Amino acid sequence: MGKRGSRSQSQLLNTLTKKQKKHLRDFGEEHPFYDRVSRKEAKPQICQLSESSDSSDSESESESEPEQVSGYHKLLATLKNVSEEEEEDEEEEEEDSIVDDAEMNDEGGGSDVSVEEEMAAEATESPENVPLSADPEGKEDGERPPGTSQASPEEFTDAKHESLFSLETNFLEEESGDNSSLKASQGHSAVLLTTPVTKWQSCGQDVPMSGFDGFLLSQVQFLSQCLDPFLQHVNKELKEKEIQAVATNPKTTHELKWPILGQLVFSSKFQKLETFKPPKDIDLKSLHLQKPLESTWTKTNSPFLSGPQKSSSPFTPLQKELFLIMNSYRDLFYPESTALKNGEEIRHVYCLHVINHILKANAQVLGNNSRHRSQKFGVGDDDDFRDQGLTRPKVLIVVPFREAALRVVQLFISLLEGDSKKKIIVSNKKRFQGEYGSDPEERPPNLKRPEDYEAVFVGNIDDHFRIGVAILQRSIRLYAPFYSSDILIASPLGLRTIIGGEGEKKRDFDFLSSIELLIIDQADIYLMQNWEHVLHLMNHMNLLPLDSHGVDFSRVRMWSLNNWSKYYRQTLLFGALQDAQINSVFNKYCVNMQGQKEGIASGQEGDGCLPNALVDYWQVAVRNVPMTGSISHVLVQLPHVFQRMEAENLASVIDARFNFFVNKILPQYRDAVMSHTLIYIPSYFDFVRLRNYFKKEELNFTHICEYTQKSGVSRARHFFLQGEKQFLLFTERFHFYKRYTIKGIRNLIFYELPTYPHFYSEICNMLRATNRGEEATWTCTVLYSKYDAQRLAAVVGVERAAQMLQSKKNVHLFITGEK
């Protein structure tokens with residue numbers, strides 16, 4: 001029986017090709033694919049199917065075939081490297097040993113599992129099998145604004161450098177992994193050592209140590225990881241009861257005064273509320289900045305450093321306090337950011353925070369890619385590699401104009417490049433400068449406007465744009481598809497056209513699902529553009545995506561899978577004024593829950609970096625109250641009559657104001673003596689309502705709004721100046737965008753207090769544009785209610801506003817310009 005069995009096996013060997021013999025010797029099984037070298041197809045019975053394949057349907061088999069082929073093709077590629085001479089020399093050894101290998105086939109059954117695991121590991125490492133973060137063709141269609149069929153498919157995207165900037169197929173370079181807190185081990189738990197050991201566990205791996213040096217190194221690395229605000233923020237795992245507390249617990253607040261920011265209001269949904277004060281001195285190393293920001297920030301920020309600050313601190317006093325709050329990942333509302341004074345200074349510091357966040361997040365992913373590639377398949381926990389969201393975009397920066405987007409990108413380049421001789425690679429830079437830059441000759445040379453107007457409307461003021469930016473180590477890719485981008489820079493209108501509305505076929509908002517940092521800059525300008533776009537954006541933030549977009553779910557953080565991303569999103573809101581609508585967005589949509597460190601204490605293995613950490617729901621808002629008000633800047637001698645109207649609730653204010661104006665105010669100005677009356681209307685809806693009423697009553701009036709043609713504006717100004725029209729309806733948005741001086745005003749009516757406080761003094765000072773000795777007849781009437789407390793305080797000052805709101809009298813008189 002033995003000779004007969006060996007003879008049949010030798011006959012079987014003769015029918016095998018060299019590759020099949022090689023495969024049989026190495027893996028203990030016959031090659032499962034047809035080899036046409038012998039011109040004879042192998043029988044189907046040779047294929048040994050797995051147990052799971054019997055229960056799978058045809059679709060699963062067809063889907064799994066490409067993965068198996070790719071794995072075996074890799075093995076075949078290694079076999080082809082063997083020369084013909086080596087195969088001939090080894091053929092005799094194969095025939096002698098094949099009988100023993102065949103007899104040990106049962107014993108080697110366990111090795112088949114390891115072979116399959118190795119092939120699966122190689123298949124996962126293969127760039128061919130890693131799904132891209134977005135389909136270039138599909139993304140281009142998704143980013144095209146609805147209704148703009150004439151636009152080219154590549155209007156907002158660049159599909160050339162996809163693999164170059166893909167996080168899934170790149171690995172951490174040695175030069176970019178110098179930061180010990182983020183190199184390959186970023187974002188994972190560590191254990192505090194209290195006794196010298198020979199190894200310590202970091203990121204799920206045992207790292208060998210020797211003696212006291214190993215103990216010190218472990219302590220340093222542990223402290224570095226534990227104190228990094230980025231790691232504290234993303235590694236904190238919330239619990240279900242903590243999420244429920246957000247909806248049930250009442251909000252507690254605490255006020256604290258800082259040297260530069262002034263009055264800060266800390267709010268929390270948890271009973272224990274901690275505040276902190278800024279240190280006198282700040283060191284860049286204590287901020288855990290990712291390289292190369294420690295060296296590039298000082299040079300980038302040098303225009304704002306002067307005098308003793310230039311040598312002592314890399315931040316201005318304002319930047320220092322703002323960055324301390326930003327770097328702690330608290331929500332922040334700062335309503336004193338103006339384009340004329342500190343807007344650019346604030347833009348520098350939030351760009352530093354953005355780049356620091358992106359570099360750390362990408363270094364974590366690239367480091368885990370390297371670890372995953374070097375680690376044997378099936379070893380370790382999949383949770384060790386959870387380092388990303390459901391989609392790649394992490395930061396959304398909302399700015400009003402293209403000029404602001406241009407400056408943000410220029411700051412990104414400066415922060416990554418610094419003064420190093422080696423320039424970073426910026427893809428599509430020329431196209432970006434052409435589309436977002438401006439020509440100085442386009443601006444009229446004799447155009448004279450206020451300084452704040454010149455600061456806001458500088459450069460390219462197009463308000464419909466969106467652009468994706470991908471950052472990978474020392475390279476920046478502009479016009480990246482949204483699902484391949486790290487940072488999105490867009491205007492509210494640019495986002496509104498891609499998000500779409502209910503019932504629209506082409507709409508996409510999945511790219512907002514994993515935003516970790518939202519920055520809304522110059523929020524007051526959106527009140528003049530269309531505030532509904534901002535509300536529409538906030539309603540679509542951090543929703544579960546409708547499509548997977550090629551994400552590897554084994555790498556997605558658990559709090560992102562649980563649809564808790566909004567509790568981890570930091571929102572930074574900057575504006576030039578306190579407004580009820582901006583406050584509402586900050587209070588309603590900012591629900592960031594931050595893990596706050598109480599102290600570092602020794603704990604047992606697996607406790608994480610912060611055994612005694614608490615979860616806090618933090619918002620920080622600057623609430624400085626104006627003491628004087630913009631009425632102090634009125635230069636003309638003018639009586640200001642403030643008339644308070646009563647309204648039962650906020651919803652009835654609009655109708656109450658209209659009825660009060662029609663029944664109490666307008667009859668006083670119907671007389672021909674009260675000609676040259678300008679009615680200032682902040683809301684366009686109120687303007688339309690009044691215009692229709694004036695037409696119905698056949699009053700002698702003209703109107704100017706933001707939609708009026710240039711010729712219509714000229715006619716209206718002429719008729720009003722000459723007295724041919726008694727009333728002029730004038731909208732706030734027109735004044736914001738044009739700043740024309742209206743001549744011929746004798747009587748002013750503020751239908752509602754202006755949004756910008758300085759607009760009050762600007763409109764009042766227009767009366768002196770035509771000084772014909774009629775100062776004694778000038779009048780100014782202002783309507784307000786108790787719901788206009790913020791705007792009233794900005795005009796007359798907080799103390800006077802409190803008295804006017806609490807007084808039993810409904811009419812108050814102020815006189816300005818007295819000598």
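Modeller: Start with strands β7 (residues 425-427) and β9, which run parallel and are joined by three bridges. Two strands pair when DSSP finds at least two bridges between them. Strands (E, at least two residues) and helices (H or I, at least four residues) are DSSP runs, numbered from the N terminus. V426 has I476 in β9 as its bridge partner.

This is a predicted model: local features need pLDDT of at least 70 and side-chain atom pairs count only at pLDDT 80 or more, while totals for chains, interfaces and linings use all residues. Residues are numbered from 1 along each chain as its sequence is written, and side-chain values use heavy atoms, with hydrogens and water left out.

Back to β9. Strand β8 (residues 466-472) runs antiparallel to β9, with four bridges between them. A470 faces R477 in β9. The hairpin of β8 and β9 has two residues between its strands, and there Q473 takes a positive phi near 55°.

Which residues cover the two faces of β9 (residues 475-478)? S475 and R477 lie on one side, I476 and L478 on the other, and all are buried. Buried means under 20% relative accessible area; exposed is over 50%, partly exposed in between (1.4 Å probe, protein chains only).

Strand β15 (residues 619-622) also has both faces covered. Q619 and A621 are buried on one side, V620 and V622 on the other. Strand β4 (residues 262-268) pairs with β15 in the antiparallel sense, over four bridges. S267 sits opposite Q619 there. Strand β5 (residues 331-334) pairs with β15 in the parallel sense, over three bridges. L332 sits opposite V620.

Next, the open sheet. Its seven strands follow the order β18-β19-β17-β20-β21-β16-β22, with mixed pairing. The edges are β18 (701-704) and β22 (811-816); each has a single partner strand, so one side of each is left without a neighbour in the sheet. From one strand to the next the twist averages 20°. Angles run from 0 to 180 degrees between N-to-C directions, with axes as lines fitted to C-alpha atoms, for helices over the stretch in contact.

Inside this sheet, β20 (residues 747-750) and β21 (residues 779-784) pair in the parallel sense over four bridges. L748 has C780 in β21 as its bridge partner. Helix α25 (residues 710-722) lies across β17 (677-681), β18 and β19 (727-731), at about 140° to β18. Helix α27 (residues 757-765) packs on the sheet too, touching β16 (638-644), β17, β19, β20 and β21. Its direction makes about 160° with that of β20.

Now the interior. A nonpolar core is a set of buried Ala, Val, Leu, Ile, Met, Phe, Trp, Tyr and Cys residues joined through side-chain atoms within 4.5 Å. The largest has 77 residues, and L396, F642, L678 and Y760 touch the most other members. Helix α19 (residues 523-529) gives the most to this core, five residues. Apart from it lies another core of 62 residues, including L287, W297, I346 and L359.

Last, confidence. pLDDT is the predictor's confidence in each residue, from 0 to 100. The chain averages 76, and 67% of the residues score at least 70. Residues 33-154 stay under 50, with 115 contacts beyond four places in sequence. A contact means heavy atoms within 4.5 Å.
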